[in-house]
Amino acid sequence: MKDLTDAWGASYYEFLDGSSYLYSTRFLGKQKNTAMCSIHPSFTVLDKTKFVDEVAPRLSQMTKKESLCLWYGWTMTEDGTKAFCREAYKNGKGVAKHLENVGKVLGEALDAGILKLDNFEIHGPKEELDQC
């Protein structure tokens with residue numbers, strides 16, 4: 001998947017040692033050394049109606065089936081010109097599986113001029129980023 005994400009201009013951000021914690025109500029405490037990875041894409045919305053009515057709901061429905069997804073959701077500026085996807089996965093394998101799952105649909109939205117990719121970042125531990 002690195003060929004695809006590199007073509008999109010992805011930036012990769014490693015967690016700083018000792019600076020990242022996952023707070024979990026399930027375990028009631030801090031967990032160090034999480035394998036969690038997050039994707040931070042932002043877009044210019046060129047066709048708001050198609051994005052809101054077709055693309056975002058389709059991508060969300062596709063992602064709901066992914067067992068390694070921790071959270072997924074879209075935000076948009078008040079004027080509807082910018083969109084940001086907030087998403088995180090259990091590990092680098094989850095990121096790779098997600099990109100395999102939604103890559104075609106997202107690519108079609110970009111090619112059709114519904115969205116323009118502004119920025120694409122993946123954050124996580126180095127050993128997990130190597131799996132993305």
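Before anything else, terms: I call two strands paired if DSSP finds at least two bridges between them. Helices (H or I, at least four residues) and strands (E, at least two) are DSSP runs, numbered from the N terminus.

A note on the source: this is a predicted model, so I take local features at pLDDT of at least 70 and side-chain atom pairs at pLDDT 80 or more, while totals for chains, interfaces and linings use all residues. Residues are numbered from 1 along each chain as its sequence is written, and side-chain values use heavy atoms, with hydrogens and water left out.

Entry 1: I began with β5 (residues 69-76) and β6 (residues 82-89), which pair in the antiparallel sense over 7 bridges.

Entry 2: I then checked β4 and β6, which are antiparallel and joined by 6 bridges. Here Ile-39 sits opposite Glu-87 of β6.

**Entry 3: the whole chain.** I listed 4 helices and 7 strands, in the order α-β-β-β-β-α-β-β-α-β-α. Of the 132 residues, 42% are buried (under 20% relative accessible area; exposed is over 50%, partly exposed in between, with a 1.4 Å probe and protein chains only). I also looked at contacts (heavy atoms within 4.5 Å): of those between residues at least 6 apart in sequence, 71% join residues at least 24 apart.

**Entry 4: the core.** Which residues touch the most other members of the largest nonpolar core? They are Phe-51, Val-95, Leu-115 and Phe-120, in a core of 28 residues. β4 (37-45), α2 (48-64), β6, α3 (92-111) and β7 (115-124) each supply at least two residues of this core, and α3 gives the most, with 7. By nonpolar core I mean a set of buried Ala, Val, Leu, Ile, Met, Phe, Trp, Tyr and Cys residues joined through side-chain atoms within 4.5 Å. In soluble globular proteins, nonpolar side chains tend to be buried together.

**Entry 5: helix α2.** The buried residues of α2 are Phe-51, Val-55, Ala-56, Leu-59, Met-62 and Thr-63. Their cover includes β4, β5, β6, α3 and β7. I found a kink of about 30° at Val-55, shortly before Pro-57 (the bend is the angle between axes fitted to the seven residues ending at a residue and the seven starting there). Even so, the 17 residues of α2 reach 23 Å from first C-alpha to last, close to the 24 Å expected (1.5 Å times one less than the number of residues).

**Entry 6: Met-76.** Beyond neighbours within four places in sequence, Met-76 is in contact with Val-45, Lys-48, Phe-51, Val-52, Lys-82 and Ala-83. Val-45 is 31 residues away along the chain, and the two C-alpha atoms are 9.0 Å apart.
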